[in-house]
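Work through these exercises with the sequence and the structure side by side. Try each task before reading its solution.

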Amino acid sequence: MVWLTPLGATAAPLPQTKIPQLVQKNKSFQPSLLVIPAGGKVEFPNHDPFFHNVFSMFEGKRFDLGLYESGSTRFVQFDKPGISFIFCNIHAQMSAVVIALATPYYGVSDSRGDLVIPNVPPGRYSLQVFHTSVAPDALRTLSREITVAPGDTSIGTFSLVESDLELTHKNKYGRDYDRPDPDSPAYARP
């Protein structure tokens, strides 16, 4: 995804008209990427037949929703701009990203890598790029200042080099995850 933040002027993020969901189903988060306005909320419903514990202790919004059962839900407000990496404290394979933006000017690429950022007025912007399979240092090198002139329809092309990034993380206590006990209901196959 790519987003443009105005320089020297402020652009109000789009108001949140509907609270998006990051659904826990089949031991995964669906979708794996959500973009919301800074200050917006996200709902975390548990649609699996067992418990989950959703947390984020890295960058962005830090939170811990605690252990909650199938059929229940929790909400988190992402009060400031940032990238939040979301995990489950029970199932190490579960991960997602919530990006809270202070700008309405963003686009998420399609399967071919094409994206559209609609209604960008002329001006100077800070351009930032995010991809879950690209190292953070490589993403930082793509950030830059751009100027959008009247009639501009392209911000150019970007070459991203995917790496074998496996977002290794510790559990919410800073320790390695326990090995799954196949007889535990928390690890039951959906």
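**Exercise 1.** Which order do the four strands of the open sheet have, and is their pairing parallel or antiparallel?

*Solution.* Note that this is a predicted model. Step one: list the strands across the open sheet. The order is S11-S1-S12-S13, and the pairing is antiparallel. Step two: find the edges. Strand S11 (105-107) and S13 each pair on one side only. Step three: check the angle. Neighbouring strands of this sheet are turned by 30° against each other on average, direction ignored. Step four: zoom in on one pair. S1 and S12 run antiparallel and are joined by five bridges. Thr5 faces Ser126 of S12.

**Exercise 2.** Which residues have the most contacts inside the largest nonpolar core?

*Solution.* This core has 23 residues, and Met1, Leu4, Ile83, Ile99 and Phe130 have the most contacts inside it. Next, trace the suppliers. Strand S1 (2-6), strand S12 (123-129) and helix H1 (136-142) are among the elements that each supply at least two residues. Then inspect Ile99. Leaving out residues up to four places away in sequence, its contacts include Met1, Leu34, Ile83 and Phe130. Finally, look for another core. A second, separate one has 19 residues, including Leu34, Val42, Val54 and Phe63.

**Exercise 3.** What percentage of the 190 residues counts as buried?

*Solution.* The buried share is 38%. For the surface, the protein exposes about 11100 Å², and carbon and sulfur atoms supply 51% of that area.

Conventions. Residues are numbered from 1 along each chain as its sequence is written. This is a predicted model: local features need pLDDT of at least 70, side-chain atom pairs count only at pLDDT 80 or more; totals for chains, interfaces and linings use all residues. Side-chain values use heavy atoms; hydrogens and water are left out. A nonpolar core is a set of buried Ala, Val, Leu, Ile, Met, Phe, Trp, Tyr and Cys residues joined through side-chain atoms within 4.5 Å. Buried means under 20% relative accessible area, exposed over 50%, partly exposed in between (1.4 Å probe, protein chains only). Contact means heavy atoms within 4.5 Å. Accessible areas come from the Shrake-Rupley method with a 1.4 Å probe; for residues, only the protein chains shown count as cover. Two strands pair if DSSP finds at least two bridges between them. Axes are lines fitted to C-alpha atoms, for helices over the stretch in contact, and angles run from 0 to 180 degrees between N-to-C directions.
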